Structure formats: structure tokens, C-alpha cells
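Subject: Structure for your files, with notes

Dear colleague,

Please find below the structure that I am handing over to you. My notes on what was found in it follow directly after.

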Number of protein chains: 2
Amino acid sequence: MDAREFKRFGYECIDWIADYLEHADRYPVLSRAAPGGIRGRLAEESPERGEPMEDILADFHDIVLPGITHWQHPRFFAYFPATTSGPSILGELLSAGLGVNAMLWQTSPAATELEETVMGWLAGLLGLPEGFKGVIQDTASTATLCALLCARERATDFGVNENGFLQGGGALRVYTSTEGHSSVAKGARIAGFGARNVVSVNVDGSYAMDPADLKRCIERDLAAGHRPCCVVATVGTTSSTAIDPLGMIGEVAGRHGLWFHVDAALAGSAAILPEKRWILDGVERADSFVFNPHKWLFTNFDCSAFFCRHPDILTSVFAIQPEYLRTDLDPQVVNFRDWGIQLGRRFRALKLWFVLRYYGRDGLRELLRAHIGLAEEFLTWVERNPDFELMAPVPLNTVCFRFNPEGSSLSEERLEELNGNLMNEVNASGRIFITHTKLGGRFCLRMSIGQLRTTKRDVAEAWEILEKSTVVQGWKG
Amino acid sequence: MDAREFKRFGYECIDWIADYLEHADRYPVLSRAAPGGIRGRLAEESPERGEPMEDILADFHDIVLPGITHWQHPRFFAYFPATTSGPSILGELLSAGLGVNAMLWQTSPAATELEETVMGWLAGLLGLPEGFKGVIQDTASTATLCALLCARERATDFGVNENGFLQGGGALRVYTSTEGHSSVAKGARIAGFGARNVVSVNVDGSYAMDPADLKRCIERDLAAGHRPCCVVATVGTTSSTAIDPLGMIGEVAGRHGLWFHVDAALAGSAAILPEKRWILDGVERADSFVFNPHKWLFTNFDCSAFFCRHPDILTSVFAIQPEYLRTDLDPQVVNFRDWGIQLGRRFRALKLWFVLRYYGRDGLRELLRAHIGLAEEFLTWVERNPDFELMAPVPLNTVCFRFNPEGSSLSEERLEELNGNLMNEVNASGRIFITHTKLGGRFCLRMSIGQLRTTKRDVAEAWEILEKSTVVQGWKG
């Protein structure tokens, strides 16, 4: 593809994205494709001869777009926000054009040094204590797995890395709350702890980890001959953004020599707000910490910020030194290949640098404050309607609620059915997309607010659609 | 950033990339930045107020670019090719604009179904046997780790996932050749096998795994009470693109019930050429297979194609089912979150679809044939010059060689010093970038050819620079 052709179609793609981001609400939020519907329209084999870019882009519009669930839609309230933004897309574009691999310092010094710099910026923005060194990972799943591996190796004097799991000795145990993310159990399986050695610590009424129960779990395990190894606290649980009390958890972890990892994948971004910085109180006791700028900091996926207080342990866990990767400068530079699982690494720092500079601290704070304000407003609407029930506190951007008609004494099964129907109906409208969870075994709907272009009108529209649904109206009528 | 501003800077970035890809040879291939040189020019803290995009892009040019090592330079002959291409960049751009997460079918049906489709296309292009199901991973490191985890779980009846490593029983052993990639040992550490349970199998004179030695290693381990678990064969070793004999290795693996994984990260692409398809002879015995379109198939990083013959095992290893990710359609659809380590997943299929369609089978074959032809030509120049020595066979695109003046009886130490100096000198010229390895303990230079825009003139220039270096000329003078 020569420069002329690249420019022609490049402009076309830029124009399309510019229009898309301003008018994503033209599309149904949740794709209406049926299983197999997209696949059935695609060729079964790759073409023998090259095809014109016109035809490929036409198929992008005709075949791919109807199968897209629009995460950039201002009324995408499902799962978690994953907002891209203009400066982030431009950073990703330039990074794709450069096509460098950020595995070694030598393979692009700017990629490594910009990564060191922006991770320092983030540490400053969040008010992380001195000593946390940052590296960009793809996802919090990976970052949490890295933390578990550090914990495992510190606990066994690097014995598993070298010898494999030791014969004899108690099982290494990992603690997280009943509301902790599925990546903890998954990581524990991958790293060889085993799912049964992930201990679920009780939560309090706000769905935050109960440090007293953590203490009890550890003491019970010690008495049983197990080896407590790692605790993963969550700042902003996936279901309800509950905030685990880091200070008290850290104290327990410290007393027993556990690696203390903090998973703040979604909510960490909120710590850039002085009035919300309390969510990280106690992080100074943590050994490692992760949050995802690709969730709620307007940086497109993937970009997960992992901080570790013991980079020496991290690099001991992951260091490799094949001859073909050695460089004369190795003793003087950081080679990020030794800071994680993958050898090859994308140049992700560029887009993050663009975002942090384009918006500035002020601009980012303003956006996050607006989202939190919208969640607080939505919360008041839920509270004012006696047919709806608030299911959890709302410290940040996520409201858990359900339809539960006043005076009804419906069974949990019936409420789950009703709310499931309600969710499916409003999602089928194409006007909003929300998802569900369970809290304390009770089915809830989730309203997760954090899209760059979401306004009060969008949130109000969501509430109106819910209130006017046939499920809600039918109950009354 | 509104549509107008996005378009303005979007066009500017497109223009820059168009020019960059056609004229990357204006830059020194290897960055001349000194350690800390880039970082020292960057602000220590993120700005309080947002900055104009003009300023940010100006700093991209002034500060970042001098710290880039140019992987897209036509005389980048280091490590491995990682060529981006016009259609791939456009696919990445649109994917960044859409900003969807491909974790579940529901979170964008088109992302999942396009991924199933293009992976089917790749299986057809490479002539993989029926039954291999594909999923896109970030890197071959991750894919190989997935294979090791499948091996571990199949060998222990999913016991490690559930219970952690069992107390008692012999150590699980992993086999790869002395030329196998560092990701095998790294993955074995992460998965809890332990570095010492990775057995290095001898290679033959062409640096390919010796199946007879594999058999001996397994028998020795069985006699010692170990449990042989997995063998990783390499199609195209990193040092010299040696091709392990898959058929014979698969036979040994099958006899002993080992998981048989094939790492064809770089070289797998060459199997699209009928005359090179022999490199995969025997792959029908493999349990899993990986190759990287982001290396030598003009798709920008990251895009690693992982195929597994037992998707049921793969998904059993990785499946998670938290309430907040359940959908009504789960029984009918593929949710790729259960096919790997990470929960969140980029929409990588789009760029691969663009590349496979834009170039077509014919176009891709033509490009790869040209690269292999250039390597064969370079090889003849090495062979004709009595001061140089060819260090390994050249089945594909990589030539291993060294300066070894005729008639000299230099020690290995002296040859390493000479060739290290030669490499540093030619790399410092900025005109080419080559890297080194060791084969059989002997220091070699590597010429790895596979950049989209590399021509015969570029390869000839590399040879001329080597021949005219002061190291070579000084020896004569």
C-alpha cells in the first residue's frame, strides 16, 4: 500500500471515527446479531488474490458494524467503562505506524523511558508512596498473576521457580474477599496454587472485606498447617465498587508476612480526585498495586498500570537472559521484558502520555467528578421510587439496584426472573445496555457510568426506559 | 476532542505515517539515544492543565523519535521481522476507534466471529489438519504458557488447577531443545514446573532437535521417577531458524502421552508457501501450535495465532464463571475469555482480516518468497568470501555467519571480540541493525530478512557495510 493509497483510506477511517465517536448513539448499544449471524456472512477461505481496500471497508461497515456492541455509546452502562478518546486513538495510531517492540531498552529507548516517565506521572497523580515502580501490563488479570507469582516466590525463597512446587510443606494460601475478582482464582490456578487454596474472606454490609475475618482465616489456616502467602484486596469490586479497607488489611498482611496486592482495576482512577483519595488509604502497606487507565482514564484498551514496591523480586521472577537478547547496556538500563510474562511488548506509553497531557490533571478530574455526580443523581432516583431498591452503597460510579415493588413479598427467584426480564427488555430496546450481578446471592442490575460522552440526559433516559418498561408498568397495571 | 480537532490531527498522523513508512531509511536504524537521554527531556510530573495537541505532537517528533529504533526500516535485520503494513495499521486504527472488548461473544459478536473466521483462514493457509481451533493471543510467550498449562492439567487430571501441585509423585517434566525459546523456561517457571524440570534435548548439526535424544531423555526421566509431561518443538529457532522434525518428535510424544506443542512463532508464516510447507510436516501429531502474524505476516504487533486440538481442555483450564459475566447465550457461543490468561481482549481479528484480504494468498506468498530469496543471495556472498564463515543452514530468512579470516586460528574469545566489535561498528553507522547469538557456544552475527520494504539493494548495502568495516579491512591492512 503506497503513501497515496494509505492516505486516502487513512483519512476515510479518521473521518469515520470522528463521526462515530460523536454519534455512536445512532446504533443500538447492544448488538442485535444472532449467534453465527456475522460468521455466516464471511468467506470461508481467505482470498487467493488481493482485494481493493474499498471492498474491505465496505464489508467493515456492512458486516462487522452490525455485530458490534458499542462500548463508546454514551448509554453503555454495562460491565465497566472502557472509554477511548481522541488523543488515545492518535497515540495508538502512531504506535501502530512505528511498529516497535518495547521488550528491551535497545529496541526503542523512548518506549522504555516514556513508560518509566508516565508511570511516574500516574504514581504522582494517585499519590502513591515513594518506592512503587511502574510497568504497563495488558490487563489487570495479568498484573494480578504477576503479583501472585511474586508472592509465591518470596514465600518459597524462589524455590518454585527453580525446583517446581516442593514436595511436602503446607499449601500456599491466597486470600481475597467473596467479592474479589475472578482473576484472582484464575491466577491462582495458573500459578499452581490451586483453586481450593484461594480462601474467600467474608465481606461486611457494604460488600468490603472484613479484616477481622481475614485474620480469622489466616489463623485457622496456620493451625491447619497451611502457609498463608498472599492477600488481594479490592478497591472497587466489580459488582458494586466496594472499597476494601487497605490499612487494616495491610496490617494483618504485614503481621503474617503476606504479599499484599491491591486490585483497583476500575476504581483506582478515582484516586486522582482529592475528595476520593481516601479509597487508597493504606496503600502504603501494599507490595503491589494495579489499576487500568483503559477502564476509566480515557486510554483505549489495553493499558493496565502495575506498580510494585519490590522490582527486584518482580524481575527475579521473570528474568530471562538468552544470548540473542543480551546488549552491552543491560547493566545500565531497564529491560521491561523482565517485568512481566510476555517477551514482546507494545509501545503503550505513547497513548497514555497523549491522554495525560491533552486532558491535564484538571481535565481528567472534571470528567471523573461528572461521572460520580451522575451516579449520585441516579441513586437518588432509585431511592425515591418505592418500587426500586438500592442494593449497595455507591462510593463511586456504579449503582446496584433492582425492581422490587413496594409491599411485595416476592421470592428471590421471582425477583431474579423479573429483573432478568427487565434487563433483557431494556437492552433489546437498543437505547441502553446494562448488566447484572449478584450481591449476597441476590440478583441486581448494575448501572456503571464512565463513558467520556455520557451526559445527564443519557442517564435520565436510562432511568426513564427502566421506569417505563413493560415489566415495571405491567406490575402496576 | 471534537470531530474537527480529531480530523485535523488524525490527518496529520496519517500523513506522517504514510511518509514514515516510505522513508524510514532517513533515520539511523538503531536509536542513538544514551541511557536516560529521553527521560531527561520529559517533564517529571503530568501537567495540571491540558495541553494543545500541536505541542504534544511536536514533542513526539523532537523527543520520542530520536529514541526510536526503527523496526520498519528496510535495513532492520535484527532479532526478527515485525513488519506493520498499511492495511494492518488501518485495522488497528478502526479497532482503537471502536474500543470494544472481545472478552465475551455478547461484548461484540463480530469480534468473536471474525476471530473464529480469520483463524480458520490461517489454518487453511498453513494447511493445518482438521480439528485445530484457533484463538488470537498477544504473544507466543503467552500461547506457549497456555500449552504448558494444558499439559499440566491433562497430566494431573485437572488436579493442579483444583488442588495446587500435589504432594508426592514425581516432578512433571518439560522437554525442548537446547535451541528452544526462552519462553519455554519462563512459562515452566510461571506454571510451577520449575526451571530445573525443563530438560534440554540435544540438537543435531543443523541445530534441530534430535528425536533420539528426546527419547533418551524421557526414558532416563521415567527411570528416575519423573513424570514426562510436555514437549515443545520449534519450527524456526530464534537463533538460526532451525526446523525441528515434528513427525519424529510427535511419534515419541505420542508413545509417552506427552502434550506436543509446536512453537513456530517466526517461521510458521513460511508454511503458506507450498515449497516450504514441509516445515510443518508432522504437525498433525501436535496438540497445539503457535505462530505470530505480527512477526512475518505484515500484521502489527500484537497478534499471535494459537491453535489447539483440544479446545475442551483449553477452556477447562481457563474457564471462569462469575455472575457478572454470565449471559443467556453462553451455551450457544464461544466466549474467548475462557481460551487464555487475560479476561479483557483486544479486537485483533480486524487488522488480520484486513491484511489477509488486502494482500491475498498470492500477495503474501510473493513477499515471503522475496525475503527467502534475499537470504539465499546473502548466503552466497558469505560463502564466496573466504574471510567469512557460514554458521548454520539457511532454510528460510535468517543467515548466521561470522567474520573468521581465512587461515586464521583465532580463539573463540578473540572471534567473539572481533565480531562483537564488527556488529557494534556497523550498528553505530545507523545504516543497518543486526544482532547476534551463540550457536554451539560460538558467537555469530544474524541477518534476519523480512521487512515489507526490504529490497535487494538494502541487503547488498548491508553486506557492503560489513565487508568495508574497519574490523574487516583492518585485518587485511
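The contact between the two chains takes 125 residues from chain B and 127 residues from chain A, where two residues are in contact if their C-beta atoms, placed from the backbone, lie within 7 Å. On the side of chain B that touches chain A, helix H1 (residues 3-22) of chain B gives the most, with 15 residues; helices (H or I, at least four residues) and strands (E, at least two) are DSSP runs, numbered from the N terminus. That side of chain B divides into 58 nonpolar, 42 polar and 25 charged residues, with Ala, Val, Leu, Ile, Met, Phe, Trp, Tyr, Cys and Pro counted as nonpolar, Asp, Glu, Lys and Arg as charged, and the others, Gly among them, as polar.

Please keep in mind that this is a predicted model, in which local features need pLDDT of at least 70 and side-chain atom pairs count only at pLDDT 80 or more, while totals for chains, interfaces and linings use all residues. Residues are numbered from 1 along each chain as its sequence is written, and chains are lettered from A and ligands numbered from 1 in the order in which they are written.

Within chain A, the division is into domain 1 (1-30 + 69-83 + 361-477) and domain 2 (100-346), with bounds that come from an automatic or database domain assignment. The C-alpha centres of domain 1 of chain A and domain 2 of chain A lie 30 Å apart, and their contact takes 20 residues from domain 1 and 21 residues from domain 2. On the domain 1 side, the elements that give two or more residues are helix H12 (349-384), strand E9 (398-403) and strand E10 (435-439) of chain A, and H12(A) gives the most, with five residues.

In chain B, the axes of helix H5 (residues 140-155) and helix H7 (residues 182-190) come within 9 Å and cross at roughly 50°, where axes are lines fitted to C-alpha atoms, for helices over the stretch in contact, and angles run from 0 to 180 degrees between N-to-C directions. That makes H5(B) oblique to H7(B), on a scale where angles under 35 degrees count as roughly parallel, over 145 as roughly antiparallel, 65 to 115 as roughly perpendicular and the rest as oblique.

H5(B) also packs with helix H11 (residues 311-318) of chain B, at an angle of about 90° and with the axes 9 Å apart, and these two helices are therefore roughly perpendicular to each other. Cys146(B), Leu149(B), Cys150(B), Glu153(B) and Arg154(B) of H5(B) make this contact with Ile313(B), Leu314(B), Ser316(B) and Val317(B) of H11(B).

Some backbone details remain. The peptide bond from Phe301(A) to Asp302(A) is cis, with omega near 10°, and Asp302(A) has its place in the loop between helix H10 (293-296) and strand E7 (304-308) of chain A. In chain B, a cis peptide bond joins Phe301(B) and Asp302(B), with omega about 5°.

With best regards
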